[in-house]
Amino acid sequence: MSGAVPQPTEPVVPAPVDPVASLDRTGGYLGPTGAAAVAAAGRATPARWRLLLRRTTFWVGAGILLFWVVCAIFGYLFAPYSPLTQNLLLANIGPSSAHWFGTDPLGRDVLSRVITGARYILIITPLATILGTILGTALGLAMGYLGGAFDAVAGRLVEAVLALPFVIIAFMFVVALGPSVPVITVVIGLVFTPLIARTVRTAVLVERHMDYVPAARLLGENSSRVMFAEILPNVLPAILVEFTVRLGYAVFAVATLSFLGFGIQPPTPDWGADIAANYIGLPAGYWWQVLFPALAIASLVTGVILIADAIEQVLAS
Amino acid sequence: MSAESMASAPAAPAPADQALSVSHLDVTYRVRGQDRLALRDVSFQISRGESYGLVGESGSGKSTVALALVRYLPSNGRVSAGTISIDGLEPLSMGQGALRDLRARTVSMVYQEPGRALNPSIRVGRQIAEVFEIAGQSSGDAMASAEQMLRKVQISDPGRVMQRYPHQLSGGMAQRAVIAMALARSPTLLILDEPTTALDATVEAEVLDLVAALRQEFDTSVLFISHNLAVIAKMCDRVGVLYAGELLEQGPARAVFENPRHPYTVGLLRCIPRRGQRKDSDRLDTIPGFLPTPGHTLTGCIFAPRCALARDRCRQAEPPFFLVDEVRTSRCYFHEEAPDLPRATPAAVPELAHNGIGGAGLAGGADGAGLVAGTDGPLVVVEGLSKTFGGNVRALAGVDLSIQQGETLGLVGESGSGKTTLARVLLGLTAPDEGSVVTLDGKPLGPDARRRPREILRALQIVFQNPDSALNRRHTVRALISRPLSRLAGLSGSRLRDRLEELIASVRLEDRHLPLRPSQLSGGLKQRVAIARAFGARPEVVVCDEPTSALDVSVQAAILNLLADLQQTERATYLFISHDLGLVRYLSDRIVVLYLGRVMEVGPSETVFAGPHHPYTEALFSAVPSLDGQRPARIRLTGEIPSAADPPTGCVFHTRCPRKLTTGICESTEPPLHEDEPGHQIRCHIPLADLRELQRSQSVPFQGGS
């Protein structure tokens, strides 16, 4: 069980694992078939998106995601109990017909807290990923297209940021600004920026060697037009895949921050925070207090990754 | 066309007498749940020791044949009918073990890209020795055998080559190593799939000579697959012409190319510029229409939709194989009329008024007259042009040349000779070294296109080699062609639309192409879009960098005609870069021969082709295989172009020059450009009269790809 839950002593998931994953995927993506896929993924071919609808992985992923989105929006309406109501007489009760997922040490209904706990993670995750994608795309385009000294300096900075554990950066921000939804969103967005920038830069480097770039220059186009009107549309598929994958990691990141106490603050229901509050009860056998929030995190990540996978395969087909 | 002359298929002798016997082969690819026939009823035999050529354009199924023979078809492909027999063995009914054995012992394959056939992480010697080890030799013996094999493929220092990794070998050297591996087991059948397409003409000539010599020595049967008819004519005893998965004509190579009896073969041969054909007097013939889409459901002859001889009968029933004579077949009801196939494009140069497609004032504020008005001097002058990369690689070393208004200057040379660098400097995509002078109509050009005024950008445009790379795949044809009109010609609104209409008409595109993206167009159409973009703002000079080398022969002819027509109507000046001397001869008024960034020879096109030639030019000419199969006495270059980082002393060509003087002057002193007749200059120490004498006695004049 504890395997599914990030341990506080370990440096948390995103930073160390990502670089490799992102490199691998980028390498595969930009291969000859990838280039062909990009070529075929023109805006004029909505057939591509119909292909997406034919994929089971997409439907499963979308179903999971939709479920949590509904929970995030309407969870307070259909949760069996209020997630905040304490009842110390019913503390630490195992799963039963009255409390399907049992209760926590304060007697709150775990099922209700899991359902309503989807809210903030589903607000922060997409916003942070969008922020990181926008900043990362701009930075990556500039690095890849301008090259030279800018690329060298920005490249070193990006590596420096990647070398710092994510938690340390987050810790600095949260200590300075206090844990709030906007702060966590911006922190995760900024941490993702260099990662996305690097993927975009690699894709831009391939595009920059295509002859349409000198052809545009011979038409007197300026650099920003070449970057945004000529190159950007061709790297959008790569960015889209990167965005969905990053979304999955963002779920992890938010949960991790909450788990470490830098995220959503109690008593607001939140999966990471609930795991942090209750894992101490695991040796006493109160497994349900940890398992169900952990499964919630895992299912949301899985859903997002399934969608990312389907998109990537459609683009590569 | 009597009943006796019809045969359902070429008569097949007993398979055991044949190195390869293919009969009624059908291959199907399953694409999106549908079966698509890639090969239909293909039958041919290769006798022992014979060399058989399969020629066809892209999409004809050439490579599918090669893959099917040894059952290397991709997982969605399968042989759906027919039989294959290699040396009496039947690969189609073999188990995996026997199949592996067949591939190891009986059949060898050589592909287009030697770099991909070799494992990049294993030394070359080890890879070749492995073949011998599988045959049961000890590792020591195998290494010795490998070394001997490398010597047989004429690698002069096999010991050193064996220690190298594949990326350390040049393309020609790597292909030799692959051929060494392929022949190591003395296979019954050697399949060569476009083995020289990725190589330079001079290297190609060497490799082809080598294959021809080894074929004799090893007594191997060869299946030679190529899109290049001249290469097939040179290498093969018999040839089969493949079109859309069907073998339309086959017979002795010489006979088929001299007297083709199928309209497709006739058309294909007419697409190639021949000696004596010039843009001033001739247009090339073309094959109208397109290859049928895969999975087509045509009834009747597969070529009928593109054939000027097609009649009702052709569209109703598929023609059988007609015996043209004892050894030739043609799949055409009217094969006797094939040589008289009407031309699809008139031979005469069309009467096109200058600026006939232009109309008044369409160049907008930038009316081209301002730049070139009333000058008699050359339009482009390049003096002392040098370009050094990375401090020591001299891609260009003191090039002087000029281009006259309205002419085509052909630029030839092997890859690495500096052709493309020269073009990029002219366009402002690469900055030349200090002290280089490049002027357009007497005004110096800035080194960087980004800082050149719009008027200069308008005047200099380019058609790139590969339209897939040159056209942004995210833009529509309309956006691609409109951009130069609004950016450089300053047009907008209805004037832009009018000019766009004219422009697409002049490159023979249609309105329905405008909303499409490049991926929805064929290669030829894409190149037309690229040409329209280059001509959009009425440039003075258009650089054509191998504009047809990514295209099929039949498409190439149409593009060359288009370039010739546009030059006439737009009075454009071309810098035409090509490795294909036949094309250069057809289109160029003058020719510059570059070697290691230096001008070796310059002169009017016909004078350069007539000689005397610089020895390097002579070698380039003699490297080109000719379609008539004649083998002129010729000179061969050995080895590859030296590195520009460390050019030879004296005459840079002396290391490869077959006519090097024994006095030592070639090694010590760089020769000046000697003038033969006005405008024809040769950079060589050998007196021109001597060169003329040498070349007259030892070689036949260049045939120009005919």
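Modeller: Pro267(A) sits in the loop between the helices α11 and α12 of chain A, where helices (H or I, at least four residues) and strands (E, at least two) are DSSP runs numbered from the N terminus. The model is predicted, and local features need pLDDT of at least 70, side-chain atom pairs count only at pLDDT 80 or more, while totals for chains, interfaces and linings use all residues. Residues are numbered from 1 along each chain as its sequence is written, and chains are lettered from A and ligands numbered from 1 in the order in which they are written.

Colleague: What kind of peptide bond joins Pro266(A) and Pro267(A)?

Modeller: The bond between Pro266(A) and Pro267(A) is cis, with omega about 10°. Most peptide bonds are trans, and most residues other than glycine have a negative phi.

Colleague: What makes Trp271(A) count as buried?

Modeller: Trp271(A), which belongs to helix α12 (residues 271-278) of chain A, has 28 C-beta neighbours inside 10 Å. A residue is buried if 20 or more other C-beta atoms, placed from the backbone, lie within 10 Å of its own, exposed if 12 or fewer, and partly exposed in between, and therefore Trp271(A) is buried. Beyond four places in sequence, its contacts include Val114(A), Ile121(A), Ala255(A) and Pro293(A), a contact being two C-beta atoms, placed from the backbone, within 7 Å.

Colleague: How do you know whether Arg571(B) is buried, exposed or partly exposed?

Modeller: Arg571(B) has 15 other C-beta atoms within 10 Å, and so it is partly exposed. Arg571(B) lies in the loop between α20 (553-570) and β20 (573-577) of chain B, and its phi is near 50°, a positive value in a residue other than glycine.

Colleague: What is the corresponding count for Leu596(B)?

Modeller: Leu596(B) has 23 other C-beta atoms within 10 Å and is therefore buried. Leu596(B) also has a phi near 50°, a positive value in a residue other than glycine, and its place is the loop between β21 (590-595) and β22 (598-604) of chain B.

Colleague: Why is helix α17 (residues 477-487) of chain B called largely enclosed?

Modeller: Of the 11 residues of α17(B), 8 are buried, so the helix is largely enclosed by the rest of the structure. Among the buried ones are Val477(B), Leu480(B), Ile481(B) and Leu485(B), and the elements that cover the buried residues include α18 (493-506) and α19 (523-535) of chain B.

Colleague: At what angle do α8(B) and α23(B) pack, and what is that arrangement called?

Modeller: Helix α8 (residues 201-218) and helix α23 (residues 615-623) of chain B pack at about 55°, with their axes 8 Å apart. The axes are lines fitted to C-alpha atoms, for helices over the stretch in contact, and angles run from 0 to 180 degrees between N-to-C directions. Angles under 35 degrees count as roughly parallel, over 145 as roughly antiparallel, 65 to 115 as roughly perpendicular and the rest as oblique, and α8(B) is therefore oblique to α23(B). Residues making this contact include Ala201(B) and Ala205(B) of α8(B), and Leu620(B) and Ala623(B) of α23(B).

Colleague: How many residues of each chain are in contact with the other?

Modeller: In chain A, 16 residues are in contact with 22 residues of chain B. The largest share of the side of chain A that touches chain B comes from α10(A), with 5 residues.
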